[in-house]
Structures are given as structure tokens and as C-alpha cells.
Amino acid sequence: MPIEVVLMRHGHSRPNQHRMIVSAVENGAQSQYGLSDSGIAQVRQTTVTLRRYLDETGRVLFIFSSPFSRALETARIVQGAVDVPASRFFVRAELRERFFGSLELQSDACYPAVWEFDRDNRTNPFGAESTDDVWRRVSSLIALVRTIVPATTDAVALFVAHGDTLQIAECTLRGRKPHQHRRIDHLHQAQWRPMPEQKPRPSKL
């Protein structure tokens with residue numbers, strides 16, 4: 001059966017609150033960079049629509065979360081609301097935030113400086129992770145999901161992650177180049193969006 005990949009951006013976070021870039025794993029995993037109070041409320045609200053969607057489609061939910069605290073807290077709220085067992089919950093480094101190099105812990109006003117280099121697919125001078133590298137790791141997870149989800153299960157694989165990571169993934173899943181990610185509508189905080197369905201795996205003879 002096909003696997004539907006659904007992308008979900010984490011809720012409003014403390015880094016958002018402080019207008020700060022937190023993109024290194026060693027920082028992002030710290031609890032101090034988790035969700036803000038308004039972010040928790042956002043996720044609880046949007047999870048209602050996600051649960052309704054699952055009820056309508058009858059699909060089984062598998063959750064795959066970035067290890068960053070703001071994404072992991074988002075995913076845990078979804079897990080509780082939809083009653084997803086631990087056996088269908090995975091923390092995956094492939095979904096981590098895009099690393100922004102020397103801009104780490106700087107103002108989020110610096111993001112456009114990286115995106116300007118993305119636009120022409122040029123190497124940026126900040127040591128920020130390339131869009132190709134972000135897509136490479138997310139696509140490897142999509143391939144892995146096909147081995148985790150039983151072939152007979154009509155499933156939704158929910159990827160809970162970050163703005164750039166998800167925007168690059170969506171851009172590529174919709175047939176564009178990874179570096180063109182700023183040309184598509186971005187996911188808002190706590191928003192989720194279904195992607196084109198993944199092709200079913202061939203049955204074994």
C-alpha cells in the first residue's frame with residue numbers, strides 16, 4: 001500500500017521568541033530551546049484537525065521526529081492526542097534543523113543571507129548546510145520508512161521538523177530542485193501538509 005508522507009512544522013518555540021538561530025544539534029536538543037507556551041497551544045489546536053484527517057482516511061499514524069526539543073515536544077503532543085504507541089514513534093536525526101554554520105545563535109534576521117545564496121544554488125560563505133545535503137538526508141529517511149511500515153498497512157508517516165528542512169523536502173517532493181525552496185509556500189508554525197503519495201513497494205514473489 002502507498003505511504004502518505006505528511007510534513008508538520010514544530011510550534012512556536014523559545015528560539016522564535018528570542019529571534020535566535022538554533023541549528024546545531026548540541027544546542028537544539030537542550031530543553032531551554034523547546035516550545036513556548038503559545039507554541040504548545042498551537043500544536044494542541046492543529047492536532048485536532050490532524051486527528052480528524054486520520055479518522056476520515058482510516059490510516060495508521062507513524063511519527064518521525066527531529067531530535068531538537070522544539071520538534072520533539074511537538075511530536076509528543078501529537079502522539080498523546082492521537083494515541084500513537086511507542087512502537088510507531090521514531091526520533092530521527094535525518095529530520096534535524098538545517099545547520100546554519102557561523103550564524104548559530106545569531107539573530108534570525110540572518111536567514112535571508114543564506115537564502116540569497118540558495119536562490120542561485122551557490123555555496124554560501126557561512127558554512128550553512130547545502131540544500132542538496134538537507135534533501136539527501138530527508139530522502140534517505142523516506143526510503144527507510146518504506147522498510148519500517150508494514151507493506152499491508154495504509155499509513156501516514158508524519159515528519160515533525162523545521163522550516164528549512166521541511167520546505168526543502170516539500171519543494172523536491174513536488175518536482176523542483178532543492179535550492180528552489182523559497183519559491184513555494186512555507187509551512188507556518190504547527191501547520192501540517194500532505195505530500196504526493198509515495199509509490200507502493202513491489203510485492204515479493
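Author: About 380 Å³ of space lies in the largest pocket of this predicted model, where a pocket is an open set of points on a 1 Å grid over the protein atoms alone, at which a 1.4 Å probe fits, with protein on both sides within 12 Å along at least five of seven lines. The volume is the space filled by probe spheres set on the points, which are joined across faces, edges and corners. The largest pocket is lined by 21 residues, and the closest to its centre are Arg9, Asn16, Tyr111, Trp115 and Gly163; a lining residue has an atom within 4 Å of a point.

By class, this lining has seven nonpolar, seven polar and seven charged residues, where Ala, Val, Leu, Ile, Met, Phe, Trp, Tyr, Cys and Pro count as nonpolar, Asp, Glu, Lys and Arg as charged, and the others, Gly among them, as polar. At least two lining residues come from each of α1 (14–17), α5 (111–119) and α7 (163–173), and α7 gives the most, with three residues; these helices are DSSP runs of H or I with at least four residues, numbered from the N terminus.

As for how the model was read, residues are numbered from 1 along each chain as its sequence is written, and side-chain values use heavy atoms, with hydrogens and water left out. Because this is a predicted model, local features need pLDDT of at least 70 and side-chain atom pairs count only at pLDDT 80 or more, while totals for chains, interfaces and linings use all residues.
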